[in-house]
Amino acid sequence: MSRDDFTKSTIDILAKRVGYLCSNPNCKKPTIGAHEQKDKSTSIGIAAHITAASPGGPRYDDTLTIEQRKNIDNGIWLCSNCATLIDKDKEKYKIDLIKDWKIKAEIDSKLRLIGELKNQDTNNPYLEVDLIYKSGMRLNNGYSFKNPSTIENGIRIFDVNHFPIIHWRLIWKFNLTIHNNSLSPAYNVQIEELGDIKFSQMDNLPKINNIPQFEKIDLRANYETQLESDYREADRIYKTKIPEDFEKLQLKLSYQDNNRETHFTIVEFKNDDIQNYKQ
Ligand SMILES: [Zn+2]
């Protein structure tokens with residue numbers, strides 16, 4: 001059986017294009033280093049085939065020509081562990097996922113080269129919150145005593161004009177989305193409300209949770225407040241997509257990286273906008 005192996009030069013270029021780091025975003029291990037002997041280096045890197053080099057191999061694609069199978073497009077640089085891993089679990093490590101790793105690893109290496117990406121950044125997860133307004137409403141809870149009124153036969157009759165003052169319940173419904181905007185998974189995510197204002201209701205995060213790279217978790221969150229005013233002011237307030245009160249809302253996300261170190265993101269709502277700060 002023939003194997004459509006990569007040429008020496010293809011292997012060399014694959015390794016260099018990712019700076020000799022494993023392309024699995026959850027690994028990123030260096031694949032080259034110093035050998036015991038001073039005139040040698042140690043390599044644990046492999047130019048793995050995205051679709052197998054021979055029939056019956058993992059992800060083998062019989063529609064490819066020999067040339068395509070040997071082409072650099074069909075290769076990815078991995079450490080020896082990850083190369084074994086992707087061949088063991090073919091369901092989990094599909095062609096598209098592996099191609100995705102390769103694209104991201106090459107982008108990272110370009111950024112690293114121009115100093116836009118520190119090694120540190122690639123290893124730490126970073127979560128950001130987005131608040132998506134779903135709907136708002138005002139519910140009438142009755143006339144305010146601030147309206148002119150008279151008592152007739154023991155019953156209070158409000159002198160209702162065009163703009164009566166009403167006790168309103170103002171309700172906002174949101175999707176609070178926690179995005180993992182990094183190449184590293186975030187484990188044991190927790191959300192804490194620190195400000196003077198809190199959501200009236202929010203879904204709980206699962207007790208055991210994690211957010212893989214570039215994935216997200218959606219939580220439903222509601223906010224409710226009372227207002228005594230005419231409907232014009234109630235409309236102005238409840239139609240604001242981020243309630244003015246949220247200036248006093250502060251969220252703190254905590255989450256752990258692969259090494260069980262904890263990271264934080266602080267979330268604030270200012271001038272109708274959401275601001276995330278890494279701490
Ligand atoms: Zn690896």
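This is a predicted model: local features need pLDDT of at least 70, side-chain atom pairs count only at pLDDT 80 or more; totals for chains, interfaces and linings use all residues.

Trainee: How many bridges join strand E14 to E15?

Mentor: Strand E14 covers residues 262-270, and E14 and E15 run antiparallel to each other. The number of bridges that join E14 to E15 is 6.

Trainee: Which strands are the edge strands of the open sheet?

Mentor: The open sheet is formed by 5 strands with antiparallel pairing, and their order is E11-E9-E13-E14-E15. An edge strand pairs on one side only, and this holds for the two strands at the ends of that order, namely strand E11 (210-211) and strand E15 (273-278).

Trainee: Is Phe 214 buried, partly exposed or exposed?

Mentor: Phe 214 lies in the loop between E11 and strand E12 (216-229), and its phi is near 60 degrees, a positive value in a residue other than glycine. A residue is buried with 20 or more other C-beta atoms within 10 Å and exposed with 12 or fewer. Because Phe 214 has 13 C-beta neighbours inside 10 Å, it counts as partly exposed.

Trainee: Where is Arg 59 found?

Mentor: Arg 59 is not a glycine, yet it has a positive phi of about 60 degrees, whereas most residues other than glycine have a negative phi. With 16 other C-beta atoms within 10 Å, Arg 59 is partly exposed. Arg 59 is found in the loop between strand E3 (45-49) and helix H2 (66-70).

Note on methods:
Residues are numbered from 1 along each chain as its sequence is written. Two strands pair if DSSP finds at least two bridges between them. Helices (H or I, at least four residues) and strands (E, at least two) are DSSP runs, numbered from the N terminus.
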